[in-house]
Amino acid sequence: SGLEFRWTKDKFINRVYIMRELFEKYSAGDLDLAALPQDHDPFWDPNEPVNIGYCTVFFKPLAYCMPIDDDQQIYVQTESQ
């Protein structure tokens, strides 16, 4: 689907624990996945804003309501690992 998720190690370990719990309940027949609330779904996260990059836009043309026809380059700052 092209989606990418970034979890901390602690969050991942917690989610794996929840996944195992749900799998055990499902295998035992005690769980209806269709009725599982979204806040109990280990694969669901609420949308959070993520900074993907930055660009420089000059405000003077905007002050005069002039259209900006230039392509703006987005610079990506990678995280140090």
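Reader: Where is the place of Phe59?

Author: Phe59 sits in the loop between helix 1 and helix 2. This is a predicted model, so read each value as computed from it.

Reader: Is Phe59 buried or exposed?

Author: Check the relative accessible area. Over 50% counts as exposed. Phe59 has 65%, so this residue is exposed.

Reader: Where does Tyr54 lie?

Author: Tyr54 lies in the loop between helix 1 and helix 2. With a relative accessible area of 48%, Tyr54 is partly exposed.

Reader: How many residues apart are Tyr54 and Tyr75 in sequence, and what is the C-alpha to C-alpha spacing?

Author: Read the two separations side by side. Along the sequence, Tyr54 and Tyr75 are 21 residues apart. In space, their C-alpha atoms are 5.3 Å apart.

Reader: Now charges. How many salt bridges does the structure hold?

Author: Start with the general idea. Side chains of opposite charge can pair when their charged atoms come close. This structure holds 2 salt bridges.

Reader: Which residue forms a salt bridge with Lys11?

Author: Asp45 does, with the closest N and O atoms 3.5 Å apart. The pair links distant parts of the chain. Lys11 is in helix 1, residues 9-27. Asp45 is in the loop between helix 1 and helix 2, and helix 2 spans 60-63. The two residues are 34 residues apart.

Reader: Which side chain meets Arg15 in a salt bridge?

Author: Asp45 again. The N to O distance for Arg15 and Asp45 is 2.6 Å. This pair also links distant parts of the chain, with Arg15 in helix 1 and Asp45 in the loop, 30 residues apart.

Reader: What lies over the face of Trp7?

Author: Arg15 does. To read such a contact, look at the distance from the ring centre. For Arg15 it is 5.0 Å.

Reader: How many aromatic pairs are there?

Author: The count is 1 aromatic pair. Trp7 and Phe12 form it, with their centres 6.4 Å apart. Then read the angle: the planes stand at 40°, and the pair is tilted.

Reader: How exposed are Trp7 and Phe12?

Author: Trp7 is partly exposed, with a relative accessible area of 25%. Phe12 is partly exposed too, at 45%.

Reader: Last, the cysteines. How many disulfides does a search of the whole structure find?

Author: The search finds 0 disulfides. Cys55 is partly exposed, at 35% relative accessible area. Cys65 counts as exposed, at 70%.

Technical notes. Residues are numbered from 1 along each chain as its sequence is written. This is a predicted model: local features need pLDDT of at least 70, side-chain atom pairs count only at pLDDT 80 or more; totals for chains, interfaces and linings use all residues. Side-chain values use heavy atoms; hydrogens and water are left out. A disulfide is a pair of cysteine sulfur atoms within 2.5 Å. Buried means under 20% relative accessible area, exposed over 50%, partly exposed in between (1.4 Å probe, protein chains only). A salt bridge is a side-chain nitrogen of Lys or Arg within 4 Å of a carboxyl oxygen of Asp or Glu. Helices (H or I, at least four residues) and strands (E, at least two) are DSSP runs, numbered from the N terminus. Rings of Phe, Tyr and Trp (its six-membered ring) pair if their centres lie within 6.5 Å; planes under 30 degrees apart count as stacked, over 60 as edge-to-face and the rest as tilted. A charge sits over a ring if NZ of Lys or CZ of Arg is within 6 Å of the ring centre and within 35 degrees of the ring normal.
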